[in-house]
Amino acid sequence: MRAFVREVIETIALALFLVLVIQSAVQNYRVEGPSMEPLLVSGDRVVVSKVGSIEIDAAHAAGYLPTVDAEVGDTWHPFGQLAYGDVIVFRWPRDERQNFVKRVIGLPGDRIKIELGTVFVNGLPIEEPYVEYTLRQSLAERVVEPGTYYVMGDNRAQSDDSRHWGTVPFDNVIGKIWAVYWPVDRFTAMESMVPAI
C-alpha cells in the first residue's frame, strides 16, 4: 500500500512540475481587434513561445558555461532572437496591463522610413506580402533605439503601432506566436509565414 501511495504522490508531483515547465515556456492568448488582419482576426486563439524572448547576461553565463565566450555588456539568447517578420505578443509600453500583437519590422540600430505606404529598412524597401490593408502614409526616418523593436500591424489602416507611440522594449516582449489553434478551421503555423526582409 505504501508503494502505491508513494507512486501516486510521485506521479502528481511530476505532473505539477511538467505543468509549471510548460506554463513558463508557452502561453495562450486571444487576439482582439483587426490590426493583424488577414493573418489574425479578432477572436483567434494563439500559442505563444516565451522562450524566444529570453535574454541572459552573457558575461555572467560565461562564468558557468565554458563554451560561452563573452565580454561585459554582451547578451546571450539561448533559444534564438526575434527576427524580421516575427509576430509577437508584448505589453504595450503606454499601459503594460494591455497586451498587443504586432509584427517585428525593425531591430536595434535599424533606420525605418515610410514613403507613401512603402516601408524602408536601412534605405531598402521591404516586400510585405502579408499586408493587404495599407495607407499611403509617409513618416520621416527614425533609428530603432538599442534594446527595442519597431513593430507594425499587418492591417496598416487600423493598427496602433510603433508609428504612433514608438518602439517596444525587449523587456516588454512576452513571446513569439507559434500558431493559431482556435477556431480549428483557422489553424495556422507561423513558421509558414514570409519574413519582412
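Residues are classed here by relative accessible area: buried means under 20%, exposed over 50%, and partly exposed in between (1.4 Å probe, protein chains only). The structure is a predicted model, in which local features need pLDDT of at least 70 and side-chain atom pairs count only at pLDDT 80 or more, while totals for chains, interfaces and linings use all residues. Residues are numbered from 1 along each chain as its sequence is written, and side-chain values use heavy atoms, with hydrogens and water left out.

The protein chain holds three helices and 14 strands. Helices (H or I, at least four residues) and strands (E, at least two) are DSSP runs, numbered from the N terminus. Of the 197 residues in the chain, 37% are buried. The accessible surface comes to about 11600 Å². Carbon and sulfur atoms contribute 57% of that surface. Accessible areas come from the Shrake-Rupley method with a 1.4 Å probe; for residues, only the protein chains shown count as cover. Among contacts (heavy atoms within 4.5 Å) with a separation of 6 or more, 56% join residues 24 or more positions apart.

The structure contains ten salt bridges. A salt bridge is a side-chain nitrogen of Lys or Arg within 4 Å of a carboxyl oxygen of Asp or Glu. One of them joins glutamate 32 to arginine 30, at 3.8 Å from N to O. Arginine 30 is partly exposed because its relative accessible area is 43%. Glutamate 32, at 62%, is exposed.

Strands pair if DSSP finds at least two bridges between them. Strand β7 (residues 111-115) is joined to β10 by three bridges, and the two run antiparallel. Arginine 111 stands opposite valine 143 in β10. Arginine 111 also forms a salt bridge with glutamate 141, with the closest N and O atoms 3.3 Å apart. Glutamate 141 lies in β10 and arginine 111 in β7, so this pair ties together parts 30 residues apart in sequence. Both partners are partly exposed: glutamate 141 has a relative accessible area of 41%, and arginine 111 has 33%. Lysine 113 forms a salt bridge with glutamate 115, the closest N and O atoms being 2.9 Å apart. Lysine 113 is partly exposed at 26%, as is glutamate 115 at 37%.

Glutamate 145 lies in the loop between β10 and β11 (148-152). Its relative accessible area of 32% makes glutamate 145 partly exposed. Leaving aside residues up to four places away in sequence, glutamate 145 touches Pro108 and Thr167.

Aspartate 44 occupies the loop between β1 (26-30) and β2 (45-49). Aspartate 44 is buried, at 1% relative accessibility. Its side chain makes a polar contact with the side chain of arginine 186 at 2.8 Å. A polar contact is a pair of N or O atoms within 3.5 Å; within protein, one must be able to donate a hydrogen and the other to accept it, and residues adjacent in sequence count only if both atoms are side-chain atoms. A polar atom of the aspartate 44 side chain also lies 3.0 Å from the backbone nitrogen of valine 41. Beyond four places in sequence, aspartate 44 touches several residues, including Tyr29, Leu39 and Trp182.
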